[in-house]
Amino acid sequence: MKAALILHTASLYQWFSPYEETLDERIHAALDAGLDGVEISNGPSILTWQPRRDTLRRLRDKIITVHAEILWGITLQEWTKAIRRLPFQIANAVFHPDELRAEELPDLARLPFPASIENMDPTRDDWRTVDEVRRVIYPGVGFTLDTAHAED
């Protein structure tokens, strides 16, 4: 398997404003830089996002992951239903362990796309190291090392 380089679209928040309305532009900027794909994160607007035609064309044959945000009073099931309607294949969904209820953790292995849990930053009391995250990972669920969190 060829190594791939993708960029979390939230990393471009200072260049594009208003943040919630510029997801397509952030995706285009990442692909213009020659990256192999993107990790899409946009807060609650991803649940209703309608990608532009030119964005969909550019995403064809790219690696697309989703930075899952289970906030704003929605459940994992509601989030999954909204994400499944997106018109492209998702290579992985990355979750924060503190945004899921304990009973939802095993459900990640049954999602219609691969899922992983990422390490957290020092603002959290737990889940900062691989060993801490390992305690909440179930069989069939991967681990994503968030280097920005590890660096903090």
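**Salt bridges and burial in a predicted model**

User: Is Arg128 buried, partly exposed or exposed?

Analyst: The relative accessible area of Arg128 is 32%. Buried means under 20%, exposed over 50% and partly exposed in between, with a 1.4 Å probe and protein chains only, so Arg128 counts as partly exposed.

User: What is the basis of these values?

Analyst: The model is predicted, so local features need pLDDT of at least 70 and side-chain atom pairs count only at pLDDT 80 or more, while totals for chains, interfaces and linings use all residues. Residues are numbered from 1 along each chain as its sequence is written, and side-chain values use heavy atoms, leaving out hydrogens and water.

User: Which residue meets the side chain of Arg128 in a salt bridge?

Analyst: A salt bridge is a side-chain nitrogen of Lys or Arg within 4 Å of a carboxyl oxygen of Asp or Glu. The N to O distance for Arg128 is 3.5 Å, and the partner, buried at 15% relative accessible area, is Glu132.

User: What is the relative accessible area of Thr55?

Analyst: Thr55 sits in helix H2, residues 53–59 (a DSSP run of H or I, at least four residues, numbered from the N terminus). Beyond four places in sequence, Thr55 touches Asp24, Ile27, His28 and Trp49, where contact means heavy atoms within 4.5 Å. Thr55 is buried, and its relative accessible area is 0%.

Technical notes: Helices (H or I, at least four residues) and strands (E, at least two) are DSSP runs, numbered from the N terminus.
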